[in-house]
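Thank you all for coming; please have the sequence and the model open while I talk.

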Amino acid sequence: MIKKSAALLVCSTILFAGGSLGGVQEVNASGSDGDTSEVKNVIYMIPDGYSAGYATNYRWFKGEDSVFDPHLKGMMKTYSNDTEVTDSAAAGTAMATGEKTNNGMVGVTPDGEELDSILSASENAGKSSGLVATSTITHATPAVFASHVADRDNEASIAPQLLEHDVDVLLGGGKEIFLPESEGGQQEENLLQQAQDDGYSFVENKDQLMDLENEEKILGLFADGPLSSELGREQTEEPSLSEMTSTAIDSLSQDEDGFFLMVEGSQIDWAGHAHDAAWAMNDVAAFEKAVEEALEYAKQDKETLVVIAGDHETGGMTVGSNGEYDVKQDIVQGISATGEQMAEQLNEDASNIEQVVQEHTGLELTEEEVEEIRSAEETANVINDIVSDRALVGWTSSAHTGVDVPIYAYGPSSDEFSGLVNNTDLPKKMAESMGVELTGASNGDDSWKDQNGISYAVPMQGWNEWSVVDYLKSNGYPSSLTFRGEIADSYEMEGYNGSAPQNLYMLDELKQDIGK
């Protein structure tokens, strides 16, 4: 697959034969569970970095199925606009807006055009909205639902946009990002004060959150940066993810027109990057409790759709490693601290390595392992790798991987998420189920449409073959659609610069040419 090429020459090579892309049969994901009633509320739950490997490991860690295992519907493709392995910004943008973008970009097209999100579409229909995360609330995944920046690291620009979008409930970390520089923050003005002036109830610890009653607008920032991991939360005054989720549902459900709520288990991903099996499993457990809150509400309400899907896989987590047919999650069950927390407890000469590791893991280190930890530049990572090695939990990367991830759904229209779908399909299906309009990016100036050379050539600036086929399928073409083709090294068209509206226009022309 050559993604840097400029055009896909289709000509007479678009086929409607019974084959499928790459020999893999696409599954029609438009089924119905028989309940065609319009959805009033959507609770969108994202366990960042979660995949089938995490799901299986967690099942062994817990000793039984998770509460969302029975609601498995299908699998989701995760690639971004510019690479097969997405980051959270591009994945979140696709899952929030229905449009692919480049890694690192939040709520905008590759050309920088702002995209409408399912949260904004819900708000435009008169519904309330909320974002909950264990990261900073300005981190990539929550940010894509209510902000637009070209660089995900620009959290200082994301913070005011969350308030400008009038998101009713914002719960997570990142207090310093809302404070003025004069108070150690990142803003010119005090956004916390502005939020309170605009009617938000501001809370900054668990007790304050749990004491709220009938508040319609809540800003809860429980740490200067991200929240603690679940293994460290008991030593803080922070609420759990389930407590934040429950509070958000209680607040938003007061709106008679309904609500949209996104809940992210942010640190499952961070644990995967660190190869920290205990951190990962305990944060999955915390996420599961939040899912329980959502499912319980949906079961009683009967007008609420709950959708659960990771944005990508992190770390290449495996069940079994080292050539052994086994996994030992009992070792992980007994761990009481993250690798980072253990590393922080080592004294200056690291002479207490054995005591610290044994206290928190129950493992007796070999002399070789002690020396490996002592000489490591990244002490926490080495501790994590030793623990994972003992537990036979494997890892293939310190970054994300590009595998498909499972989708779970419950409630009316939940079967619409069955089969193999793209991440861009999720917000579109939610919008359709709620009867709201997800508009996407504006087309801007259309004068370039009069240029020559359109015919069967589809510009490929930022597109790949899968992107084209998935786009056509999502716009009504049968699952058997496939093609043979060749990717040109260049494509000459006066005025063509690979912009998103140009690409979409040419795809529309292609649709008309090949017919449905």
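How many nonpolar, polar and charged residues does the lining of the second largest pocket have, by class? Before I answer, please note that this is a predicted model, in which local features need pLDDT of at least 70 and side-chain atom pairs count only at pLDDT 80 or more, while totals for chains, interfaces and linings use all residues. Residues are numbered from 1 along each chain as its sequence is written, and side-chain values use heavy atoms, with hydrogens and water left out.

The lining of that second largest pocket has six nonpolar, nine polar and two charged residues, where Ala, Val, Leu, Ile, Met, Phe, Trp, Tyr, Cys and Pro count as nonpolar, Asp, Glu, Lys and Arg as charged, and the others, Gly among them, as polar. On a 1 Å grid over the protein atoms alone, a pocket is an open set of points with protein on both sides within 12 Å along at least five of seven lines, a cavity is a set where a 1.4 Å probe fits but cannot get out, and lining residues have an atom within 4 Å of a point. Of the 17 residues that line this pocket, Ser229, Gln267, Trp279, Thr338 and Glu340 lie nearest its centre.

The lining of the second largest cavity, where Thr338 is one of the residues, has six nonpolar, five polar and one charged.
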